[in-house]
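Subject: A structure for you to explore

Hi there,

Here is the structure I promised to pass on to you. Please open it beside this email, and then read on for what turned up in it.

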Amino acid sequence: MELKWILAIGLEAAFWLMLATFLVLRYRYEMEGITRVFVIGAVLDTAGIVALGVWDYLETDTVSSYTLFVAAIVIYGLTAGRDDLRRLDRWMAQRVRPSRRVTC
């Protein structure tokens, strides 16, 4: 497997891991301040994905399947992905209960 595919899959996996961590911290532990960290991470992750697509295009000078893969991820994230993220956020807010804190 080429390095560019490993990096793209790694960045996408990192995004989903970051999203899961964000949702748990936000709703289970009520850490509202984590939203800013998640947004910064999501922007950096997207910039990394776009940079990989540009790198591939400049290297090959053609629109390859890899470039189309990267474009599909970015287009999804900017269109339907936003609505899916909002829907997931509402679902988590309804179903995840805050942890009970034990005081001594």
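**A buried aspartate and a group of rings**

Let's start with Asp-56, which lies in helix H2, the stretch covering residues 34–60. Keep in mind as you look that this is a predicted model.

Is Asp-56 buried or exposed? Its relative accessibility is 1%, so Asp-56 counts as buried, the cut-off being under 20%. Its side chain makes a polar contact with the side chain of Ser-64, at 2.7 Å. If you set aside neighbours within four places in sequence, Asp-56 is in contact with Lys-4, Asp-61, Ser-64, Tyr-66 and Thr-67.

Two of those residues also meet each other: the charged end of Lys-4 sits over the ring of Tyr-66, 5.1 Å from the ring's centre.

Now for the aromatic rings. The structure holds five aromatic pairs. One of them joins Phe-15 and Trp-16 edge-to-face, with 5.4 Å from centre to centre and 80° between the planes. Phe-15 counts as buried at 16% relative accessibility, while Trp-16, with a relative accessible area of 44%, is partly exposed.

Phe-15 also pairs with Phe-38, and this pair is tilted: the centres are 6.1 Å apart and the planes make an angle of 40°. Here distant parts of the chain are linked, with Phe-15 in helix H1 (residues 3–28) and Phe-38 in helix H2, 23 residues apart. Both Phe-15 and Phe-38 are buried.

Which residues make up the aromatic cluster? Phe-15, Trp-16, Phe-22 and Phe-38 form it together.

Enjoy looking around!

Best wishes

Methods:
Residues numbered from 1 in each chain as written. Predicted model: local features only at pLDDT ≥ 70, side-chain atom pairs only at ≥ 80, totals over all residues. Heavy atoms only, no water. Helix = DSSP H or I, 4+ residues; strand = E, 2+ residues; numbered from the N terminus. Buried < 20%, exposed > 50% of the residue type's maximum accessible area, 1.4 Å probe, protein only. Polar contact = N/O pair within 3.5 Å; in protein donor to acceptor, adjacent residues only side chain to side chain. Contact = heavy atoms within 4.5 Å. Phe/Tyr/Trp six-rings, centres within 6.5 Å; stacked < 30°, edge-to-face > 60°. Lys NZ or Arg CZ within 6 Å of the ring centre and 35° of its normal.
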